[in-house]
Amino acid sequence: MSASSESEKMFYNAVWNAVGCSHREIAKLKSGADTWEEVFKKLNRAEARDPETEWIKLEKSGVRFIFSEEPRFPELLREIYWPPFGIYVKGEIEFLKNTTVAIVGTRKATEDGLELARQFGRELAEAGVTIVSGLAFGIDSRAHKGCLDANGKTAAVLARGLDEIYPKSNERLAGEILSAGGALISEYPPGVPPLPHRFIERNRLVSGLSLGVVVIEVPESSGALATARFASEQNREVFVVPGPAEHRNFFGSHRLIRSGARLVSKPLEVLEDLNIIEPSESIGAGETPEEKIILEIIENSSAPLGIDKIIEMANLESRAVNQAITLLLLKNEVKEEGEGYIIV
């Protein structure tokens, strides 16, 4: 890379360190200027640190910066609306040229949701898919771990500089991601803290790096809804795993399904919909083993059956029954009556 390009990186880094604001505000500063050196020279000198000193710190920390014009920059991320000027990276990112899928969801997930996130991460990785997520508690962390279970490579996108891991309790997981050949990615230089607006900015990168986004357990106020919205705007596929109709962790999930997101119940369906594997023979309404069992139980009952009774009679895990019931409700195979379910 030319000396001038390295110099531009140094001044870009210095501008971020001096201003510490959002992507949109940085874009306004750059408007009308040909170079980042010009932008830096316009700053209040009291705010600005020495560019060379800050760049040396960056290099010593093991963090690299890649401009969006460079060949190494992820192609999918270059295509999005509101693309980053560049990204800070720890680890390697060549693997992001492979098929990538994001898995996101609530930090306060149920045990069933956490297990599903790990399953999706593991089985998608076993099929050669790279997993992208945000290293947050809950669904994000389990998706990364599932990918690592399958010896896959995963990328974690942070909402702060890469000098510190957020949340701090995930430092070990971040180390495991790097040891496995994965990457930590951020739009922000070291030292930039994780302010609320940066999580929203981060979410557009999670979806932007991916061909599709799998949503697991999303309440109405979850930040994962923003990731799904960005994915739709970026022409990415949005996949949603349904859950119990009355559970608040799925209120946002079901709203996404009603808005046109693809309903999936297992990783195989994601692989088929993204044309990673050939579609298997399609399954009709009520034709999964769990749905067949549940339909037969409800049909043979003389009164509406509650979920606990169905679980007992079906001898299935509660997660499997809840998911099957939700699918049957969405397909209008069964309906709620009183405190139970009947055949439509």
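**Aromatic rings and their surroundings**

Guide: Arg198 places its charged end over the ring of Tyr188, at 5.4 Å from the ring centre. The model is predicted, and the values that follow are computed from it. Tyr188 is buried, with a relative accessible area of 1%; the cut-off for buried is under 20%.

Together with Ile200, Asn203, Val206 and Ser207 in α9, Arg204 takes part in the meeting with Ala226, Thr227, Phe230 and Ala231 in α10. Helix α9 packs against α10, which spans residues 224–233, at an angle of about 50°, and the axes are 8 Å apart. The two helices are therefore oblique to each other. Their crossing is right-handed.

Now the ring pairs. A pair of aromatic rings is described by the distance of the centres and the angle of the planes. With centres within 6.5 Å as the criterion, the count is 11 aromatic pairs. Tyr12 and Phe65 make a stacked pair, because their ring centres are 4.9 Å apart and their planes stand at 25°, where stacked requires under 30 degrees. This pair links distant parts of the chain: Tyr12 lies in helix α1 (residues 3–19) and Phe65 in strand β1 (residues 64–67), 53 residues apart. Tyr12 and Phe65 are both buried.

Trp16 and Tyr188 form another aromatic pair, which is edge-to-face, with 5.5 Å from centre to centre and 80° between the planes. Trp16 is in helix α1, while Tyr188 is in the loop between β6 (183–186) and α9 (196–208), so this pair ties together parts that are 172 residues apart in sequence. Trp16 is buried, at a relative accessible area of 0%. Tyr188 thus has two partners here: the ring of Trp16 and the charged end of Arg198.

Tyr12 and Phe65 also belong to one aromatic cluster, together with Trp36, Phe67, Phe85 and Tyr88.

As for the setting, the protein has 15 helices and 11 strands. Its C-alpha atoms fill a box of roughly 80 × 35 × 35 Å along the principal axes. Of its 344 residues, 52% count as buried. Among contacts between residues at least 6 apart in sequence, 70% join residues at least 24 apart.

Note on methods: Residues numbered from 1 in each chain as written. Predicted model: local features only at pLDDT ≥ 70, side-chain atom pairs only at ≥ 80, totals over all residues. Heavy atoms only, no water. Phe/Tyr/Trp six-rings, centres within 6.5 Å; stacked < 30°, edge-to-face > 60°. Helix = DSSP H or I, 4+ residues; strand = E, 2+ residues; numbered from the N terminus. Buried < 20%, exposed > 50% of the residue type's maximum accessible area, 1.4 Å probe, protein only. Lys NZ or Arg CZ within 6 Å of the ring centre and 35° of its normal. Axes fitted to C-alpha atoms, helices over the stretch in contact; angles between N-to-C directions. Parallel < 35°, antiparallel > 145°, perpendicular 65-115°, else oblique. Left-handed = near helix turned anticlockwise from the far one by under 90°. Contact = heavy atoms within 4.5 Å.
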